[in-house]
Amino acid sequence: MAEPWCCWWPLTKLVLFHLLIKSAFSGFEQVTTTPPLPILPLPSFSQLKWQQREVIMFLHFGVNTFTGSEWGTGHESPVIFDPIELDASQWVDTAVEAGVSLVILTAKHHDGFCLWPSKYTDHSVVGSPWKNGHGDVVGELVDAAKKRGIDVGLYLSPWDRHDPRYGHDLAYNEYYLAQLQELLKRYGSVREIWFDGAKGANAVNMSYYFTEWFDMVKELQSSINIFSDAGPDVRWVGNEKGFAGSTCWSTINRSKLAIGKAAIADGEPKGRDWLPAECDVSIRPGWFWHKAESPKKLSKLLEIYYNSVGRNCVLLLNVPPNTMGLISQKDVKRLKEFRNAIDTIFSTNLVEKFFLIKASSQRGGKGSSYGPENVIDNDHLWTYWSPKDDDDAKGDHWIEFRSSTDEGLRFNVVRIQEAIGLGQRIKRHEIYVDGKRVANGTTVGYKRLHRLEGGVVHGRIVRIRILEYRALPLISSVGLHFDPYWNP
């Protein structure tokens, strides 16, 4: 005789409860695996946006444009400043066509001449014949940039060879702060402000109140990035060639830096501050326009790009307007060639179209949000491949790309990017094609570009090995590209 169903009911409830718990926890493991902890220091929102710009533009313009000098004496008459065809819209259009989203103008260079009508000095556009003394270069640039949807930065030289207050600490620092307030209150949002310690060997001894200056800048515009030899938001790479070192950390100890002193170009893996490097270089031999000079060759600009943007930095490329107030057509043409070359090289990622992807491990296991397929999406910051936790931090983590065709693929550039929103981590890596090492390096950061020294390779299996790291490596993007301009 069969037992009544009521005798089975307690056991049935127990089995159902067990299945429900198992299902719930199984779903929890698959869907909600937590992200790895960040490793400090971390970039600010403004620093992340700055890094993503990759290439920004400097505009050196002023009385030096008309005298043929690089460093003015401070004795130049404002009467010589007369750019009769000045067109800030042409500057901005040139920047936009070059893929640039931020332009920085020398509002005042070492000669002390101001490109806006400052109420604290008459050594400015007010004393020039341009627009009968009613012109405002800063204002025109800001208006033109706003129309095209790009951002503006300003350079205000601390060294002033004209103003008689220079050399008198209190009086000059009050003057300088007054002009900072003018610029940051009058012209709307300024995304980067440039300070440097440049001055001649025989310059009058002068103490700059950088702490007060920086505090005032942040009070007036909290989202601005301050550039100087020592930050606090962006640091100088240490040369004016546009090159970073093969090792480049965005982390450093600011306490070791001083404005006007030699830079720590490589950064520091154990640095307590997030302070990424900016590489400044001019498209011409000089920083100001000179009639006899010509722009750098395309091959040189590409070399600079690989050694700045491709080494975890932002490239600040100077493009000086001429005496007419226009960017010379030779420079405009070269910038278009430069942008077209970058687009030609990097618009196609061979990984996306032809490769199968696997990795040494995956955080949360198969089906989690941290799989190797994340390295080929369009988010180069917040989606990433993460291997499983490695408590002793000595594991050999790798990600591999395998061609889906027998023919393999031709490429000569490998791009690697870290998820720097969670910190910079990678200390050493290697790249193999069909089992042969073709490149190796140290840091990666926001972007590392390896232009293969052996030239074009033809292979089916590409493996990137992460050998040393500060914390579990997080790779946000990988690309295999063909550079037709590269002939080692």
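1. A residue is called buried when its relative accessible area is under 20%, exposed when it is over 50%, and partly exposed in between. D434, at 43% relative accessibility, therefore counts as partly exposed. The residue belongs to the loop between strand 15 and strand 16, and its phi is near 50°, a positive value in a residue other than glycine.

2. The model under review is predicted, with a mean pLDDT of 92 for the protein and 92% of the residues at 70 or more. The stretch to set apart is residues 1-30, over which pLDDT stays under 50 and for which the model has six contacts beyond four places in sequence. Where pLDDT is low, predicted coordinates should not be read in detail. Helix 1 is assigned to 5-31, and I would read that assignment with the pLDDT of residues 1-30, under 50, in mind.

3. The loop between helix 1 and helix 2 contains P41, and the peptide bond that joins L40 to P41 is cis, with omega about 0°. Helix 2 itself covers residues 45-53, and its buried residues are S46, Q47, L48, W50, Q51 and R53. Just after this helix, E54 takes a positive phi of about 70°.

4. N312 sits in the loop between helix 8 (298-306) and strand 10 (314-318), and since its relative accessibility is 1%, it counts as buried.

5. Strand 2, residues 102-108, is mostly covered, with seven of its seven residues buried. Its pairing with strand 1 (residues 55-59) is parallel and rests on three bridges, and L59 stands opposite L105 in this arrangement. Strand 2 is also joined to strand 3 (residues 151-156), in parallel, by six bridges, with G153 of strand 3 as the bridge partner of I104.

6. Helix 7 spans residues 210-220, and F210, W213, F214, M216 and V217 are buried in it. Viewed down the helix axis, the buried residues fall within an arc of 160°, so they line one face of helix 7. The face turned away from that buried side carries the exposed residues T211, D215 and E219. As for what lies against the buried residues of helix 7, they pack against helix 6 (169-186), strand 4 (192-194) and strand 5 (225-228).

7. Five strands form an open antiparallel sheet in the order 11-12-19-15-16. Its edge strands, each pairing on one side only, are strand 11 (355-359) and strand 16 (436-441), and the twist averages 15° from one strand to the next. Within this sheet, strand 15 and strand 19 (residues 461-469) pair in the antiparallel sense over seven bridges, and E430 stands opposite R465 of strand 19.

8. H429 deserves a separate look, as a residue of strand 15, which covers residues 426-433. At 0% relative accessibility, H429 counts as buried. Beyond its neighbours within four places in sequence, H429 is in contact with a set of residues that includes I416, N440, G441, T442, R448, H450, R465 and L467. A polar atom of the H429 side chain lies 3.0 Å from the backbone oxygen of T442. H429 and S360, for their part, are 69 residues apart in sequence and 15 Å apart in space, C-alpha to C-alpha.

9. Three strands form another open sheet, antiparallel and in the order 17-14-20. Strand 17 (448-451) and strand 20 (475-481) are its edges, each pairing on one side only, and the twist averages 10° from one strand to the next. Strand 14, residues 413-418, pairs with strand 20 in the antiparallel sense over six bridges, and V414 stands opposite L480 of strand 20.

Key:
Residues are numbered from 1 along each chain as its sequence is written. This is a predicted model: local features need pLDDT of at least 70, side-chain atom pairs count only at pLDDT 80 or more; totals for chains, interfaces and linings use all residues. Side-chain values use heavy atoms; hydrogens and water are left out. Helices (H or I, at least four residues) and strands (E, at least two) are DSSP runs, numbered from the N terminus. Buried means under 20% relative accessible area, exposed over 50%, partly exposed in between (1.4 Å probe, protein chains only). Contact means heavy atoms within 4.5 Å. A polar contact is a pair of N or O atoms within 3.5 Å; within protein, one must be able to donate a hydrogen and the other to accept it, and residues adjacent in sequence count only if both atoms are side-chain atoms. Two strands pair if DSSP finds at least two bridges between them. Axes are lines fitted to C-alpha atoms, for helices over the stretch in contact, and angles run from 0 to 180 degrees between N-to-C directions. The arc is that of the directions from the helix axis to the C-beta atoms. pLDDT is the predictor's confidence in each residue, from 0 to 100.
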